[in-house]
Amino acid sequence: MSTYNFDYLDELEAEAIHILREVAGQFEKPALLFSGGKDSITLVRLAEKAFRPGKFPFPLVHIDTGHNFQETIDYRDKMIKRIGEKLIVGSVQESIDQGKVVEQKGKNASRNALQTVTLLDTIAKYEFDACIGGARRDEEKARAKERIFSVRDEFGQWDPKRQRPELWNIYNGKIHKGENVRIFPISNWTELDVWNYIRRENIELPSIYFAHEREVITRNGQLMAASPFLNMDDEDVVFRKQVRFRTVGDMSCTAAVESEATLIDDIISEISESKISERGARMDDKVSEAAMEDRKKGGYF
Amino acid sequence: MNILKFFTAGSVDDGKSTLIGRLLYDTDSILADQLEALQNSNRKNDDGTIDLAILTDGLRAEREQGITIDVAYKYFQTDKRKFIIADTPGHIQYTRNMVTGASTANLAIILIDARNGVVEQTIRHSYLVSLLGIKHLVVCINKMDMVDYSGEVYNSIIDKYKVLAQQLKLAAVTYIPVSALKGDNIVQNSERMDWYEGESLLHFLEQVDTDNLDKSQLARMPVQWVIRPQTDELHDYRGYAGRVLSGTFKLNDRVTVLPSGASSTIEKIEFFDQTPDAAHAGQSVTIHLKDDVDISRGDTIVNASALPQASKLIEADLCWMDGRALDTSIMYLIQHNSKVTKCKISEILHKVDINTLEKHPADEFKLNDIGRVIVKTADALAFDLYDDNRANGSAILIDSRTNLTVGALMFRAAVE
Ligand SMILES: Nc1nc2c(ncn2[C@@H]2O[C@H](COP(=O)(O)OP(=O)(O)O)[C@@H](O)[C@H]2O)c(=O)[nH]1
Ligand SMILES: [Mg+2]
């Protein structure tokens, strides 16, 4: 037998490419949900590996909460130019303007939950039958249960008790009209795997992943970027701190961590030693033990 | 560093979730905020210590009922290896979820409660391990703390199990006495069982040889997607994209395309910006052939000198996974890698009573039933026998009325 170098990153990568090509082969109108975060950036690289020199057999879809870090939007636009693929933007602001959702009130208001409606509307408008997402099973307990091909009913709902068996590496993407499949090619990656892959592949990331100084406030024990999107009052004290973000979401619900990590190597050693999970930096998941399960049942990514 | 995928099996309450929780806990894989959530949870052990099982029971219904319903995947790593664990449910009504978790694993851990010994579930789970061709099996005799860490109890259980292992032709079986709750022989060797001379569970998992797993030499690559940019500068570009299931393809190898039987030579192998000389099992690549042959998704490229079986009539083991029973009068879809074609189950040869392992003639197949059938397919499939090549010897059945995956098939022989 010939020997060859095939380490765990190669294996995870090959599995993800296989899944992406299954999506291309099985669906009429797939889409890749692009959030501007490191996981979806990783998906874009994997799609390049799966389909180049051809075009992606799907557009990228960004659900824009309107509360973005500007750095993410700049990154997105630059990346789209580089890869030459189509970008579709679904706007939460538009959903609010159309009266489909109502802005949350109070100190912890965020647009994170509102995204679901915009996402489902965008899926319906473009008749997407499959949406590729960058969720990983190590992120959260309900995610740990999810299949790689995860079927949603016409209301976008996930029914954890009625998941299809998923055997070997055979993926059943057959659905009825109106249904939709969420597809998670990096299900089996951990946060550290993603970072190691980004380092190995030399992938550029939005600058907010790296330590930088910015104005923050403390909210529920966490550092939040001071921004017009955060409902602040006199009690909130703004101060400057050297921080970075471990996940990139809506500005109103993504907490920063204090960090000196300005290089990817620093980040990797920081994460290896860190004792807080990545989801711990998302206020929205703290609400209850079943927070994620409930949101997914409702149609969330 | 490579990855070991394993799953845990055992009756309800044998301690599967606790064992996984213990592995994660003792390898420092649980992060502070997750630990805090555990400490705040109202599910505690009788002595007030945290219940490690909650780490894997992720669904609301599971926490409420205190049982595992669906497979949960967990990840951890040590200096030696990365691990992917499938915590699978033990209840008979969730057998299909267990098969899901087991199908991608290369090692199984079966738990036996030291107080109960080998029970009906042990037999069923061991049967599934043999059916699914899992190469390595670790039998953990758990809750040793409840039998005073007795070597006699342990030995009498493994003597019983060895009979079963022989009956099921389970080759590589390793036995370890443990207490998942107290942590004996999970990560550290226990001082409370000095009569046991083997390794701790983690140590075993770290060094078990995975190289000999699924290493069929037969080169197979199902085509998933044909890359055709059709631009001016890449006008004639035609790349066959897929994942090599087994074996190795090298430049200038003679290959055959199935089912058409057309043959050609490998002109180029591409992997994004690289053009390697060979493509090996597990790799997702793009292959170019010298001749203009008609190839589309669902076809398989194979080494011309080691052809797979090609047949429309296949004898297979079937595990039924749907609430609606098998109907031998209707057509189903069969999906074998990227190939989908119509099929019928033309004959039920026998059903296995998975508690006694006896074979019975049968004319119906219900949820969680397992047995031997004949599948008749519309198009011929290019397959290998499951025991020789798991990846090319398995398929799923889809009910086209519901689109659900209703059966798992393991190919045992070509008929004719
Ligand atoms: N005394 C003792 N109890 C255990 C041990 N392992 C698990 N248990 C207990 O057995 C019960 C069932 O465990 P659990 O992990 O949920 O079992 P599962 O249904 O197989 O996942 C829980 O109350 C555990 O605390 C052990 O080694 N010793
Ligand atoms: Mg359990």
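Buried means under 20% relative accessible area, exposed over 50%, and partly exposed in between (1.4 Å probe, protein chains only). This is a predicted model, in which local features need pLDDT of at least 70 and side-chain atom pairs count only at pLDDT 80 or more, while totals for chains, interfaces and linings use all residues. Residues are numbered from 1 along each chain as its sequence is written, chains are lettered from A and ligands numbered from 1 in the order in which they are written, and side-chain values use heavy atoms, without hydrogens and water.

Q: Why is B:Ala172 called partly exposed?
A: Its relative accessible area is 33%. Partly exposed lies between the buried and exposed limits, so B:Ala172 is partly exposed.

Q: Where does B:Ala172 lie, and what does B:Ala172 touch?
A: B:Ala172 is in strand 6 (residues 172-177) of chain B. Strands (E, at least two residues) and helices (H or I, at least four) are DSSP runs, numbered from the N terminus. B:Ala172 touches B:Lys135, B:His136 and B:Leu137, leaving out residues up to four places away in sequence. Contact means heavy atoms within 4.5 Å. B:Lys135 is 37 residues from B:Ala172 along the chain, and their C-alpha atoms are separated by 6.9 Å.

Q: Why does B:Lys143 count as buried?
A: The relative accessibility of B:Lys143 is 18%. The rule for buried is under 20%, so B:Lys143 counts as buried.

Q: What surrounds B:Lys143 in the chain, and which residues are in contact with B:Lys143?
A: B:Lys143 sits in the loop between strand 5 (136-142) and helix 6 (151-167) of chain B. Beyond neighbours within four places in sequence, its contacts include B:Asp13, B:Asp14, B:Asp113 and B:Val178.

Q: What makes B:Arg220 and B:Asp384 a salt bridge?
A: A salt bridge is a side-chain nitrogen of Lys or Arg within 4 Å of a carboxyl oxygen of Asp or Glu. In this pair the closest N and O atoms are 2.7 Å apart, so the pair meets the rule. The count between domain 2 of chain B and domain 3 of chain B is one salt bridge.

Q: How much area do domain 2 of chain B and domain 3 of chain B bury between them?
A: They bury about 810 Å², 56% of it on carbon and sulfur atoms. B:Arg220, B:Leu245 and B:Gly298 supply 45% of the area that domain 2 of chain B buries there, more than any other three residues. Buried area is the accessible area (1.4 Å probe) that two parts lose on being put together, summed over both.

Q: How many residues of chain A are in contact with chain B, and how much area is buried?
A: 64 residues of chain A are in contact with 79 residues of chain B. The two chains bury about 6100 Å² between them, 57% of it on carbon and sulfur atoms. In chain A, A:Arg21, A:Lys145 and A:Trp168 lose the most area to chain B, together 14% of what that side buries.

Q: How do you know that A:Glu22 forms a salt bridge with B:Arg297?
A: The closest N and O atoms of A:Glu22 and B:Arg297 are 2.9 Å apart. That meets the salt-bridge rule, so the name applies. The count between chain A and chain B is three salt bridges.
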